[in-house]
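Work through the exercises below with the sequence and the structure side by side. Try each task before reading its solution.

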Amino acid sequence: MQYVLDTNVLVAAVRSPSGASAEIVRRALLRRLNILCSVPLFLEYESVLLRPAHLQAAGVSVRDVSNLLDVLAGTIQAVEIQFLWRPQLRDPADDMVLEVAVNGQASAIVTFNRRDFLPQALGFGLAVLQPAEFLKGL
């Protein structure tokens with residue numbers, strides 16, 4: 001099975017290393033989870049994670065985040081966007097996540113903001129799960 005991580009899951013993983021999001025990222029880095037991503041989505045991960053507010057809240061450096069992203073880049077499965085489904089959702093960044101999931105034939109989107117993806121994701125046969133419920137289902 002393949003999954004797409006919303007940016008907020010990576011932010012939570014960096015800010016809370018003992019939480020469910022961090023466990024999902026650990027499993028992805030160990031290649032126990034097949035995570036899908038596109039180049040634009042990965043650039044969003046980088047842009048958001050490198051915001052000074054997130055770095056300060058997590059107590060990490062730009063170098064720490066860059067190292068995490070470098071390793072993550074080597075473990076994810078790249079998805080080339082063949083079909084644009086925009087606009088489906090209110091937030092264009094969420095549309096980017098949905099497009100990766102649809103084009104990569106993901107099983108689920110993992111996010112803290114389920115309602116941002118519902119009901120549209122269901123129309124594509126995608127589950128939308130919060131990190132803790134996602135881990136429970138594994």
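The model is predicted, so local features need pLDDT of at least 70 and side-chain atom pairs count only at pLDDT 80 or more, while totals for chains, interfaces and linings use all residues. Residues are numbered from 1 along each chain as its sequence is written, and side-chain values use heavy atoms, with hydrogens and water left out.

**Exercise 1. The whole chain**

Task: State how many helices and strands the chain has, and in what order they run.

Solution. Step two is the count, which gives 9 helices and 5 strands. Step three is the order from the N terminus: β-α-α-β-α-α-α-β-α-β-α-α-β-α.

Task: Compare the radius of gyration of the chain with that of a compact globule.

Solution. The radius of gyration is taken over C-alpha atoms, and the globule rule is 2.2 Å times the number of residues to the power 0.38. For 138 residues the rule gives a value near 14 Å, and the chain agrees because its own value is 14 Å. As a further description, the C-alpha atoms fill a box of roughly 40 × 30 × 25 Å along the principal axes.

Task: Find what share of the contacts between residues at least 6 apart in sequence joins residues at least 24 apart.

Solution. A contact means heavy atoms within 4.5 Å. Of the contacts between residues at least 6 apart in sequence, 61% join residues at least 24 apart.

**Exercise 2. Buried residues**

Solution. Buried means under 20% relative accessible area, exposed over 50%, and partly exposed in between (1.4 Å probe, protein chains only).

Task: Is Ala-121 buried or exposed, and which residues does Ala-121 touch?

Solution. Ala-121 is found in helix 8 (residues 120-123). Ala-121 counts as buried because its relative accessibility is 0%. Leaving aside neighbours within four places in sequence, Ala-121 is in contact with Leu-98, Leu-126 and Val-128. Leu-50 is 71 residues from Ala-121 in sequence, and their C-alpha atoms are 28 Å apart.

**Exercise 3. Charged pairs**

Task: Find how many salt bridges the whole structure has.

Solution. Side chains of opposite charge can pair when their charged atoms come close. A salt bridge is a side-chain nitrogen of Lys or Arg within 4 Å of a carboxyl oxygen of Asp or Glu. A search of the whole structure finds 4.

Task: Describe the salt bridge between Arg-27 and Glu-23.

Solution. The N to O distance of this pair is 2.9 Å. Arg-27 and Glu-23 are about one helical turn apart, because 4 residues separate them in helix 2 (residues 20-29). Arg-27 is partly exposed at 27% relative accessibility, and Glu-23 is partly exposed at 24%.

Task: Work out which parts of the chain are tied together by the pair Arg-90 and Asp-116.

Solution. The closest N and O atoms of Arg-90 and Asp-116 are 3.2 Å apart, and the two form a salt bridge. Arg-90 lies in the loop between strand 3 (77-78) and helix 6 (92-103), and Asp-116 lies in helix 7, so the pair ties together parts 26 residues apart in sequence. Arg-90 counts as exposed, at 69% relative accessibility.

Solution. Arg-114 lies in helix 7 and Glu-133 in helix 9 (residues 131-137), so parts 19 residues apart in sequence are tied together. Arg-114 is partly exposed at 30%, and Glu-133 is partly exposed at 31%.

Task: What is the nearest side chain of opposite charge to Glu-44?

Solution. Glu-44 is in helix 3 (residues 39-49). Glu-44 is buried yet has no salt bridge, and the nearest side chain of opposite charge is Arg-51, 6.9 Å away.

Conventions: Helices (H or I, at least four residues) and strands (E, at least two) are DSSP runs, numbered from the N terminus. Lys and Arg count as positive and Asp and Glu as negative; His and the chain ends are not counted.
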